[in-house]
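Subject: Structure for your review

Dear colleague,

Please find below the structure that I am handing over to you. A short account of the findings follows it.

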Amino acid sequence: MQGAWTTATIREAERLVLAATAPGALMRRAAHGVALHAARLLEQRTGGVSGRRVALLVGTGDNGGDALWAGAFLRKRSVGVTAVLLDPDRVHAEGLAALKRAGGRVGTVADLDFADLVIDGIVGLSARGPLRPAAAAAVSRIKAPVVAVDLPSGVDPDTGAVSGPAVTADVTVTFGGHKPVHYLAAARCGVVHLVDLGLDLPEPRFSVLSEREVGSAWPLPGAGDDKYTQGVVGVAAGSSTYPGAAVLSVGAAVLATSGLTRYVGSAADEVRRRWPEVIATGSIGDTGRVQAWVVGPGMGTGKAARDLLGDVLGAGVPVCVDADGITLLAAHPDLWDARDPDVPVLLTPHDREFARIAQPRGIELGADRVGAAVALAAELDVTVLLKGHATVIADAGGTVLVNPARSHWLATAGSGDVLSGMVGALLAAGLDPLLAAGCAAFVHVRAGELAARGAPAPASAIVSALPEAIRSVVS
């Protein structure tokens with residue numbers, strides 16, 4: 001797994017290394033990494049390095065110093081380098097002197113118009129909030145690819161929040177360890193490269209599963225398996241108003257594993273028509289053996305749905321509660337009484353559903369999505385999968401996984417129903433709720449990318465892409 005550490009943790013680890021390192025050595029190492037990746041991006045975008053033009057957007061402090069030293073290194077490869085100083089009176093003096101010695105020059109924002117590449121050294125880890133007007137005006141002129149130093153300026157390093165003008169980078173070069181911004185705002189960061197500074201880091205704020213880890217955990221049938229040993233998942237979803245929610249969540253469960261899927265709900269005819277391998281029954285009491293349940297997508301919030309949710313929570317097996325199920329739990333807290341406290345429950349809310357169930361408990365979903373998910377998971381003794389561009393998954397013990405997405409293809413109706421069906425199938429196969437949610441979120445993103453292939457795709461296409469997405473991680 002990759003980890004992400006808060007800025008406070010990184011700064012403390014850096015302090016210890018700086019105390020044992022020659023002055024300026026750490027900055028030059030970081031800047032050399034910036035220059036290396038800037039040169040590679042120039043090669044990719046322009047076909048060469050020598051003779052190209054790079055503009056440095058230089059703020060105050062060490063971040064600006066990194067950019068200036070990177071410019072000095074690029075000069076050694078015959079790159080024309082111009083520094084645009086946003087606050088000349090507070091510029092990093094040694095970095096500016098190094099750039100000038102190497103033949104770089106100080107210019108104006110007009111130089112941004114002619115740059116083949118821009119290095120963003122405006123603000124660093126200590127900055128919060130959007131870009132100030134002068135910096136925002138300079139950034140608005142950029143037409144070239146951008147390499148960000150440590151993080152895109154204007155994006156919060158610990159939450160990934162953007163509250164105003166900010167940089168969107170093609171490449172981000174960070175130092176010592178990944179910060180939350182690199183995953184929580186992955187689309188802003190572009191491709192992230194890490195320069196090792198030899199930091200001794202504690203446990204990360206959160207972790208990110210790799211493709212290899214997802215593939216290793218994904219349940220595949222063995223020689224001794226049958227439909228029951230691979231996991232039987234029950235899906236209680238859909239209604240006459242929203243039969244598609246049942247079709248999508250059931251379909252995702254069917255394709256996620258090779259076990260058995262059972263269905264309970266009023267959309268049985270539609271489910272059987274699309275997925276004839278599913279066993280549909282009229283009530284939970286008639287379903288037979290089930291090893292995990294998915295409950296909530298499109299089932300409504302009336303008395304029948306409320307009773308069904310109570311039956312599922314009392315079934316004594318892991319439960320994934322989504323959509324209307326979360327709304328019911330928020331409106332009727334007494335439903336929790338049906339739950340066996342030793343049986344795992346996983347909630348999969350989007351922002352509005354999260355607010356419904358969290359706000360009455362004094363938990364607000366602000367900029368710190370990780371903190372909010374951790375708080376709700378602990379309060380309810382559940383695992384929470386908070387949907388969003390970066391999916392945040394937290395268990396009751398405070399362990400967190402984040403699954404970033406670099407595209408917006410999953411922002412489509414029914415996409416969440418697909419995810420819940422996948423989670424339920426993995427729970428039925430025996431995966432721990434945190435891992436089940438993390439693996440499902442990873443493959444869900446992959447399926448969205450495969451379904452879209454550069455054009456918008458509906459949730460039904462995401463379901464159809466699941467086998468290819470799974471093959472891509474297990475092969």
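How many helices and strands does the secondary structure of the chain hold? The chain has 18 helices and 18 strands. Please bear in mind that this is a predicted model.

I begin with the overall form. The chain has 475 residues, for which a compact globule would have a radius of gyration near 23 Å; the value for the chain is 25 Å, which agrees. Along the principal axes, the C-alpha atoms fill a box of roughly 80 × 45 × 40 Å. Of the 475 residues, 56% are buried. When contacts between residues at least 6 apart in sequence are considered, 70% of them join residues at least 24 apart.

The charged side chains comprise 41 positive and 46 negative ones, and the centres of these two sets lie 9 Å apart.

I turn now to the aromatic rings. The structure contains two aromatic pairs. In one of them, the ring centres of Trp-69 and Phe-73 are 6.2 Å apart and the planes meet at 35°, so this pair is tilted. Both residues belong to helix H3 (residues 61-75), where they are four residues apart, about one turn of the helix. Trp-69 and Phe-73 are both buried.

Tyr-183 and Phe-206 form an edge-to-face pair, with 6.1 Å from centre to centre and 70° between the planes. This pair links distant parts of the chain, as Tyr-183 lies in helix H6 (residues 181-184) and Phe-206 in strand S9 (residues 206-208), 23 residues apart. Tyr-183 has a relative accessible area of 6% and is therefore buried; Phe-206 is buried as well, at 1% relative accessibility.

Yours sincerely

Terms used:
Residues numbered from 1 in each chain as written. Heavy atoms only, no water. Helix = DSSP H or I, 4+ residues; strand = E, 2+ residues; numbered from the N terminus. Rg over C-alpha atoms; globule rule 2.2 N^0.38 Å. Buried < 20%, exposed > 50% of the residue type's maximum accessible area, 1.4 Å probe, protein only. Contact = heavy atoms within 4.5 Å. Lys, Arg positive; Asp, Glu negative; His and termini not counted. Charge placed at Lys NZ, Arg CZ, Asp CG, Glu CD. Phe/Tyr/Trp six-rings, centres within 6.5 Å; stacked < 30°, edge-to-face > 60°.
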